[in-house]
Every structure is written in structure tokens, then in C-alpha cells.
Amino acid sequence: MKVIVDEAHGAQFYFSDKLPLSAMECDADMTAISMHKTAGSFTQSSAILCKGDRVDYSRLRSSLNMLQSTSPSSLLIASLDVARKTMYFEGQKRIDKLLSMAKDTRNKLSQIPGITVYDREYFIKHNSFDYDETKIIVKVSDLGLSGFEVYKMMRQKYNVQLELAESHIILAVLTIGTTKQHLDSLVQGFKKLSTEYYKQRDKLPKIDFDYTYPEAYARPRDAYHAPNKIIELDKATGEIAAEQVMIYPPGIPMLIPGEIISADVIDDIKFYLSKGSALQSDLDENHIRVVDKENWLKWEGETDEFQKS
Ligand SMILES: Cc1ncc(COP(=O)(O)O)c(C=O)c1O
């Protein structure tokens, strides 16, 4: 089997021996790296790296040709080139500095009341193989705030753009462009949030996610092109999704076209909305686009048994 890695957040691994092994070092066949996320190129400039003789290079080229514009952007390509050159000649030194700033920031953050930093020790104890220390993961729920609330406040009040939020945590990603000033703002922001909220609000309760695996009725393409109708989210249990619903950040779909909408997924969507997360879907928060089964040829052949279930 060929191994293709989603290494979106690992472009910097290629330029330092103090970071986890890169996919290519682990002998993967292919990997996609988002140079723009952590290695300083313009947004939208990513790269596919390949290795060995198991990759069909001409098929890769023809697949890319099907998806890409025939007019490549000189700006993006030049920016990739500059970022690669900078990382090649200065990456090791810059990442050393970044790791030292990250360590200092972790120490400062862990002294703030109500804040817990999940560090290398935590992840290794929980069976991770390694840990990328340019990522700072902070548990914020003891402040009585959700990660989503902290994400918004950090941006609006303290001018800090975090990478993502979850119900109980936030993630700050340090990149080759991160400065001491940026990290000072992060620490200052947390100090102020702690003074304002710690012990003023109840801690958020622990959540036990009992996640049911989504069941798909049709391929995404079939459901997306099927006749559809808009109904209230509350009445959507058992319907087939005709749109994609994501919570942002991080933008991982909770529903994709073709999936059967369960009561659980509706509860999860409402939970995230109640915590201040933004919904990315075709419609407003109370409605959803579903397949209009009565007018769908594919449904007419369905057995009574499925319709009942
Ligand atoms: C794990 C993961 N893979 C892929 C992507 C998409 O990468 P790109 O923005 O370079 O298309 C992201 C973006 O956030 C990501 O987090």
C-alpha cells in the first residue's frame, strides 16, 4: 500500500533536527506540506513531495493538471521559492530560536492561574510518539470559558490570531514569522483573561463525547446533485444531508452530502453553536439543506426496510 501523508502543519520538520521526523524521513511515498502555514510563504502555496519508485509520477502530474489552473501564479511560485531558500539557509537557526521562545512562553503561561499548558510530557504520557514544540496547546476551561470564547477574545481584545479552538482548549501555532512581541501579547492576553474570569465563573464540566460514526446513504456527489429542500435543523433526524456542515475553526465537516443526519450530530452542532463557534453551511443556523427523497430517483428503488430504519 502506498502511504500519503497530510503534513499540512509540518513543513518546518524538513529544516530542523529538533522537530519530529518528517514524512519523507519516515519513507512515506507522498506528502502534502502547507509551506504557507509554518514556513513563511504566501497563503495557498503548498507543495507535494514524493519519494521512491512506487509513485506514478505521470499520473500525479495528470491529476494535478485536472485540478489546477493552466495559469500558475508567479507570485505564489516566487514566494515558495523564497520561503524554501530562507528555510534552507536559516531554518535551523530560526527554529532553534523559536523553540526557545516557545519554552519560555509555556513557562510563563503555566504560572497563570486557571491555565494549563499541555506539553511534551502530557502527550508522551498519552501515547504520542513525538511532539512538535512549535505548537502551544492550552486548556482554558478552568477559567469558565470555552476555547471558542477565548479564540474570539484573543483576536478582538488582544490582537492575537490563534490557530484553532475546541470546547476546552485553544491551539497557538508558532511559525517562522513569530516574534517575541507576538508571544508577549499571548501571555498578556491570558493574564488579563485569568484576572477577569478565574474563579468568577464555574469551570466548564468535562465532556464525554459519545460520538456515533456517521452513516452514509449515498456518495457525496449523488446527494449534492439530488433534488433538495430546506428544512428546520430540529426536524432533520433521519434525513439525508445535501450540504456540508462545518464548525469553524478548525473546519472539519460534521456532515457531508449523502450522510444520514443523526440526532447526535444535531446535538453536536447545537453544542458547538452554543459555545460561540461559527457554522459554515449554505444556510442559517436553524436550517439545513436535505435531499428531497420523494423526488429522487435513487430513493424510489429503496426497500421498505431501509425507509423504516
Ligand atoms: C490537517 C490539515 N490538512 C490540510 C489542510 C489544508 O491545507 P491547505 O490550506 O494548504 O490547503 C489543513 C488546513 O488547515 C489542515 O489543518
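The lining of the second largest pocket in this predicted model comprises 10 nonpolar, 7 polar and 1 charged residue. This pocket has a volume of about 530 Å³. Its lining consists of 18 residues, and S46, L64, Q68, I77 and L80 lie nearest its centre. At least two lining residues are supplied by each of β3 (47-50), α2 (57-67) and α3 (74-110).

The largest pocket has a volume of about 740 Å³. Among the 25 residues that line it, Q161, L162, E163, V173 and T175 are the closest to the centre. The lining of the largest pocket divides into 12 nonpolar, 11 polar and 2 charged residues. Three elements, α1 (35-38), β7 (169-173) and α6 (180-197), each contribute at least two residues to this lining. The largest share, 4 residues, is provided by α6.

Strand β7, which contributes to the lining of the largest pocket, also pairs with β5 in the antiparallel sense over 5 bridges. Within this pairing, V173 of β7 is the bridge partner of K135; V173 is also one of the residues closest to the centre of the largest pocket.

Terms used: Residues are numbered from 1 along each chain as its sequence is written. This is a predicted model: local features need pLDDT of at least 70, side-chain atom pairs count only at pLDDT 80 or more; totals for chains, interfaces and linings use all residues. Side-chain values use heavy atoms; hydrogens and water are left out. On a 1 Å grid over the protein atoms alone, a cavity is a set of points where a 1.4 Å probe fits but cannot get out, and a pocket is an open set with protein on both sides within 12 Å along at least five of seven lines; lining residues have an atom within 4 Å of a point. Grid points are joined across faces, edges and corners, and a volume is the space filled by probe spheres set on the points. Ala, Val, Leu, Ile, Met, Phe, Trp, Tyr, Cys and Pro count as nonpolar, Asp, Glu, Lys and Arg as charged, and the others, Gly among them, as polar. Two strands pair if DSSP finds at least two bridges between them.
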